[in-house]
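Please keep the sequence and the coordinates open while reading.

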Amino acid sequence: MRKYFIFGSLLCFLLILCSFAQAAQATGSITVTVLVRGSFNLLVDTDSVDFARLMPGQKGEITRTGGVVVAGTSTNSNPWYLKVAAVNPLSSGNDFIPNENFTWYGTSEDSGSWLGAKEKNFSETNNTAYISSFEESETAKRIINKFKFGLRVPQDTKPGVYTTTVMFTMTE
Amino acid sequence: MKKIFISVLILLVSVNVAFALSINIDPSNVKILLKTGDSKSGEIIVRNTSGSPVRLRAYVEDWIYAEDGSKTFMKPGSSVFSCSNWIKLDSDAFELSPKEERKVSYVISSPPTASGSHVSVIFFESLVEEQAGIAVSGRIGTIIYQDTEGTIKVDGELSRVSVSTSEEGKPVNAAFSFINKGNSMLLSKAKVTIVQNDKDVLETRALPVNTLPGESRTVNLSFSPLKEGKYKIKTELSYGDKTLNSQADFTIKKISPK
């Protein structure tokens, strides 16, 4: 009887040992999938600017001292373009100030092509402000451009509150 | 404690004010191959990455290339390469809360007469309140490239690259042209290199040279000034699985003081 007990215990011990050994040796694999989305981002740090009060014949700059910060980011490997345009001439009722008098310029500290170093007016047909380099379109680096706006009020301008919309456009 | 609370409140308000608009889209371009008379659908994920709610307008426009390689945008249907009127969006205006995203679906249907390449752009534009002064708005676009299956003819010609500078110490101005002779739009990448002794690379520029069917693009480049000597300029332009090459020798001479 004792022999059977010892034999049974030994068998149980061996079975447990085998199961541990099998567990330790078992391998498996799972497939991990992740979808990384592309980043193509436009940031504009304000929704309005103003020139305060200007007299006919006077020239002024926007009152926002740091200018308007417009940043672009891309990871899509294609150079991107930033354009700036005045949707319409500055107008007050039926009166308007021609776009030749409304200007933009600014600075960019990045390695693409910045086309706003010299003052340009909004009547010019080419309104490209920044062309990113290939490197910048791959790294997700935020490319920061600072825009300032100037306005010369023609002598014959009638008094009024003149408004328009400046549009920044970012595409590949 | 009250002072700290007020400071934090001011900080939170200023953070919200600091970023008026920040939008992310994915993808930024879509290439669609369609059989004549067929339709395909897709979606664009638009995300408000700012801390403020934003109201957006979605719409399509045409575009053509400007001289600098950027795009000039126009009303739908105004370009001969337009497929804007073939595109239907499931939404034309919506609002996104801070960090919220939305899938905007589109369906593009090719007419039975379609042939070659067509293009469009789907814009997402921030809607701003009317106010005194100047409103500042932004828009970001997904470029649509559509090809009609079985009708595409790819053909291009690279002109000889030339250098117009010969004086030491002056920027080296170079130019080359590319003509798209097929009926497909070509998204090409050009690499222009200045070498000395056939092996020493002095300066390299990489740039996109994208063209619509029939278009010709002249690329002007300015390289750093060089010392007196003999050099070579090499242009390599590739699209699809095709690569075109052009090269030219040029000499930089010392200018003797008068």
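**Cores, domains and chain contact**

The largest nonpolar core has 62 residues, and those with the most contacts inside it are A:Val44, A:Val70, A:Phe168 and B:Ile23. A nonpolar core here is a set of buried Ala, Val, Leu, Ile, Met, Phe, Trp, Tyr and Cys residues joined through C-beta atoms within 7 Å. A residue is buried if 20 or more other C-beta atoms lie within 10 Å of its own, exposed if 12 or fewer, and partly exposed in between, with C-beta atoms placed from the backbone. Domain 1 (22–148) and domain 2 (156–252) of chain B both give residues to this core, so the core lies between them. A second, separate core of 17 residues includes B:Val161, B:Val163, B:Phe176 and B:Leu221. In soluble globular proteins, nonpolar side chains tend to be buried together.

The model is a predicted one, in which local features need pLDDT of at least 70 and side-chain atom pairs count only at pLDDT 80 or more, while totals for chains, interfaces and linings use all residues. Residues are numbered from 1 along each chain as its sequence is written, and chains are lettered from A and ligands numbered from 1 in the order in which they are written.

Leaving out residues up to four places away in sequence, A:Val70 touches A:Leu43, A:Val44, A:Leu82, A:Asn145, A:Phe147 and A:Phe168. Two residues are in contact if their C-beta atoms, placed from the backbone, lie within 7 Å. In chain A, 31% of the 172 residues count as buried. Of the contacts in chain A with a separation of 6 or more, 71% are between residues 24 or more positions apart. Chain A has one helix and 13 strands; helices (H or I, at least four residues) and strands (E, at least two) are DSSP runs, numbered from the N terminus.

The contact between the chains takes 36 residues from chain A and 34 residues from chain B. On the side of chain A that touches chain B, the largest share, eight residues, comes from E13(A). That side has 15 nonpolar, 15 polar and six charged residues, where Ala, Val, Leu, Ile, Met, Phe, Trp, Tyr, Cys and Pro count as nonpolar, Asp, Glu, Lys and Arg as charged, and the others, Gly among them, as polar. Strand pairing also links the chains: E2(A) and E10(B) pair in the antiparallel sense over two bridges, and A:Val49 has B:Ile134 as its bridge partner in E10(B). Two strands pair if DSSP finds at least two bridges between them.

Within chain B, the C-alpha centres of domain 1 and domain 2 lie 33 Å apart; the domain bounds come from an automatic or database domain assignment. In the contact between these domains, 10 residues of domain 1 of chain B meet nine residues of domain 2 of chain B. Strand E4 (54–65), strand E9 (117–126) and strand E10 (134–148) of chain B each give two or more residues to the domain 1 side.

Chain B also holds an open sheet of four strands in the order E15-E14-E17-E18, with antiparallel pairing. Its edge strands, each pairing on one side only, are strand E15 (200–211) and strand E18 (242–252) of chain B. Seven bridges join strand E14 (residues 186–196) to strand E17 (residues 229–239) of chain B.
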